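Please read it next to the coordinates.

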Amino acid sequence: TTSNSLYQISSSFDVARLPYVFVTNVALTMTVVATDLPPVCVTLTNVHIRCSTTRKRGDSLPYSFNLSSDLRMGDGSAGVIRVEGQLDPSAAGLDALPLNISAFLKRFSLADLNPVLSVKAPFSIEQGSLDMLLDARARNGRLSGLCSITTRDLSIRENEDTRSATFLTLSFGAWEFLTRTRNGEIHADCPITGTLWKPVVPVGSVLADMAGSAGRNLMTRLLDKIPLSATRDAANQIETNAAR
C-alpha cells in the first residue's frame, strides 16, 4: 500500500507547477555512524529552509532553494552554515540533474573534529576555526567549481598512537610546518571536478603543493645566507635535506 501511494504521488507531481516550501525555526540532531570511526553527534539549530519557483535568468534554473542553520558537532561551539542554489527537477534522471549551488561555513571549531581525527590522523587539534566557501555547478552530472578553505589560529599536537599516519596525504611534520610558517592561517583554493554523486575536491594535493612551495622558499633564503667560502658539498647536502 505504501509503495502504491508513493507511486501515485510521484506520477501526479507536476514539475511545471513546483510547490512552495517554507520551514523555519527547526532543530535537528543526527548521529553519524561509520564502521571505522566513532559515532559523531551533529546538531542543526535555528534551521530555515525555503524552496520556490524562480524566474529563469541567464544560467539560473527553474526551482530555487536556500538553507541557513547553526551547525554543532558533539558539545562544541556552533558554526554558521548557508546553502543556496537552483535545480531543474524535470531532468531525465538524478545522474543528469542540472544544479547550481553556493555554500559557506563560518566559525566552525576544528577542535570538535578530534574524536574523528584521533582514530586515523597523526595529530589532534588544540585550537582553530574553519571557514569554507563552495561554488559549483553540475550539467549532465558533471561537476565544476571551486572550494576555498581557510583555517585561523590553528595549532596541533602529535598523536602518539597514530604518529606514522597521514591526514589528507600530509604527515604530522608537514602539517606542523604549514601551521608554524603561516601562523595557523592556511588558505587553500581547490577545484571541484568529478560527478554529482562522486565529487572530487583535491584538498590534500593542494596542501601538499603549498607545503612544498613554502619549504623551497625557506631553503632558498637559507642558501642565500651561506658565505661564498662554503663548500659546494655542504650546499648540495642542504638541498638534499630540503627535498627530503
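1. Basis. This is a predicted model, in which local features need pLDDT of at least 70 and side-chain atom pairs count only at pLDDT 80 or more, while totals for chains, interfaces and linings use all residues. Residues are numbered from 1 along each chain as its sequence is written, and side-chain values use heavy atoms, with hydrogens and water left out.

2. Overall fold. The protein chain has 5 helices and 9 strands; helices (H or I, at least four residues) and strands (E, at least two) are DSSP runs numbered from the N terminus. Along the sequence the pattern reads α-β-β-β-β-β-α-β-β-α-β-β-α-α. Of the 244 residues, 32% count as buried, where buried means under 20% relative accessible area, exposed over 50% and partly exposed in between, with a 1.4 Å probe and protein chains only. Among contacts (heavy atoms within 4.5 Å) between residues at least 6 apart in sequence, 56% join residues at least 24 apart.

3. The sheet. An open sheet of 9 strands runs in the order E1-E2-E3-E4-E5-E6-E7-E8-E9, with antiparallel pairing. Strand E1 (21-34) and E9 are the edges; each has a single partner strand, so one side of each is left without a neighbour in the sheet. Two strands are taken to pair if DSSP finds at least two bridges between them.

4. Strand E8 and its partners. E7 and E8 pair in the antiparallel sense over 7 bridges. Within this pairing, Ile-149 has Ala-188 of E8 as its bridge partner, and Ser-148 stands opposite Asp-189 in E8. On the other pairing, E8 and strand E9 (residues 199-200) are antiparallel over 2 bridges, with Gly-194 opposite Pro-199 in E9. A hairpin through 4 residues joins E8 to E9.

5. Faces of E8. Which residues of E8 make up its covered face? They are Ile-186, Ala-188, Cys-190, Ile-192 and Gly-194, while His-187, Asp-189, Pro-191 and Thr-193 form the uncovered one. In a regular strand the side chains alternate between the two faces of the sheet.

6. Cysteines. How many disulfides are there by the distance rule? The count comes to 0, a disulfide being a pair of cysteine sulfur atoms within 2.5 Å. The sulfur of Cys-190 has its closest cysteine sulfur in Cys-147, at 5.8 Å, which is too far for a bond. Cys-190 is buried at 0% relative accessibility, Cys-147 is buried at 3%, and Cys-51 is buried with a relative accessible area of 15%.

7. Surroundings of Cys-147. Cys-147 is found in strand E7. Not counting residues up to four places away in sequence, Cys-147 touches Met-132, Leu-133, Leu-134, Ala-188, Asp-189, Cys-190, Ile-192 and Val-201.

8. Largest pocket. About 620 Å³ of space lies in the largest pocket. On a 1 Å grid over the protein atoms alone, a pocket is an open set of points where a 1.4 Å probe fits, with protein on both sides within 12 Å along at least five of seven lines, and lining residues have an atom within 4 Å of a point. Grid points are joined across faces, edges and corners, and the volume is the space filled by probe spheres set on the points.

9. Pocket lining. The lining has 22 residues, and Leu-110, Leu-113, Leu-130, Phe-167 and Leu-168 lie nearest the centre. Elements that each supply at least two lining residues include strand E3 (63-73), helix H2 (114-120) and helix H4 (203-224), and the largest share, 4 residues, comes from E6. By class, the lining divides into 21 nonpolar, 1 polar and no charged residues; Ala, Val, Leu, Ile, Met, Phe, Trp, Tyr, Cys and Pro count as nonpolar, Asp, Glu, Lys and Arg as charged, and the others, Gly among them, as polar.

10. Positive phi. Leu-168 has phi near 55°, a positive value in a residue other than glycine. Leu-168 is found in the loop between E7 and helix H3 (172-181) and is partly exposed, at 35% relative accessible area. Arg-107, in strand E5, has phi near 60°, also positive in a residue other than glycine, and is exposed at 53%.
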